Amino acid sequence: MQKRISNLAFQGTEEQQKKLFEVIDRRKNEQGAVMPILQEAQEIYGYLPIEVQMMVAERLGVSLEEVFGVSTFYSQFSLTPKGKYDISVCLGTACYVKGAAEILDKISEIVGIQPEECSEDGKFSLTACRCIGACGLAPVLTINEEVYGRVTVDDVPGILEKYH
């Protein structure tokens, strides 16, 4: 699944940049520093926009391609911000064959964003994920830590209403 770049403008603060530079300076001499720096950068910013990746590359003295390669290869990293309500629809095999793609489409229609996007008001983000290990409840979606199983397209409006 290809990662998308954020649909929203970057809004980092000077305080966040200061924290990021402290992390980079503390870890820059470690072998394989890019990965742990990106992990801490994501904790600081909540995601890894290209602007943060550029700061990491420049201050660490590595290519942007190397930083971008790590941030797009590992599923733990997000290139898009997460909304107050982070909706994730499982597209693993069991969920997919039971209609998860249609559920994802319905959510996208209702909240007005595509997978890997965040609504402009910061309320919702949407992710299409791989198997979450709840195959017996297929199809499954999560909103933050809340798990919804055996979801149908008709269930989606009622589920989302709880978060409006």
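I started at Cys118, which stands opposite Ser125 in β3. The model is predicted, so I took local features only at pLDDT of at least 70 and side-chain atom pairs only at pLDDT 80 or more, while totals for chains, interfaces and linings use all residues. Residues are numbered from 1 along each chain as its sequence is written, and side-chain values use heavy atoms, with hydrogens and water left out.

**Entry: the hairpin**

I looked at how β2 and β3 join. Two bridges link them, and they run antiparallel. Strands count as paired if DSSP finds at least two bridges between them. The hairpin has five residues between the strands, and Gly122 takes a positive phi near 75° there.

**Entry: β3**

I asked how many of the six residues of β3 are buried. Six of the six are, so β3 is largely enclosed by the rest of the structure. Buried means under 20% relative accessible area, exposed over 50%, and partly exposed in between, with a 1.4 Å probe and protein chains only. I noted the side-chain directions next. Phe124, Leu126 and Ala128 point one way, and Ser125, Thr127 and Cys129 point the other.

I traced the strand order. Five strands form an open, mixed sheet, ordered β2-β3-β1-β4-β5. β2 (117–118) and β5 (146–148) stand at the edges with a single partner strand each, so one side of each has no neighbour in the sheet. I then checked β1 against β3. They pair in the parallel sense over six bridges. Tyr85 stands opposite Phe124, and Ile87 stands opposite Leu126. Helix α6 lies across β1, β3 and β4, at about 155° to β1. For that angle, axes are lines fitted to C-alpha atoms, for helices over the stretch in contact, and angles run from 0 to 180 degrees between N-to-C directions.

**Entry: the cores**

I looked up the largest nonpolar core. It has 26 residues, and Ile87, Val89, Ile107, Leu141 and Ile143 have the most contacts inside it. Such a core is a set of buried Ala, Val, Leu, Ile, Met, Phe, Trp, Tyr and Cys residues joined through side-chain atoms within 4.5 Å. At least two residues each come from β1 (85–90), α6 (100–111), β3 (124–129), β4 (141–143) and α7 (156–161). α6 gives the most, with five residues. A second, separate core holds 20 residues, including Ile24, Ile44, Val52 and Val70.

I listed the partners of Ile143. Beyond four places in sequence, it is in contact with Tyr85, Asp86, Ile87, Tyr148, Ile159, Leu160 and Tyr163. Contact means heavy atoms within 4.5 Å.

**Entry: Ser71**

Is Ser71 buried or exposed? It counts as buried, at 0% relative accessibility. Ser71 sits in helix α4 (residues 64–73). Its side chain makes a polar contact with the side chain of Gln53 at 2.8 Å. The Ser71 side chain also reaches the backbone oxygen of Phe68 at 3.0 Å. A polar contact is a pair of N or O atoms within 3.5 Å; within protein, one must be able to donate a hydrogen and the other to accept it, and residues adjacent in sequence count only if both atoms are side-chain atoms.

**Entry: the whole chain**

I counted elements last. There are seven helices and five strands. Helices (H or I, at least four residues) and strands (E, at least two) are DSSP runs, numbered from the N terminus. Of the 164 residues, 44% count as buried.
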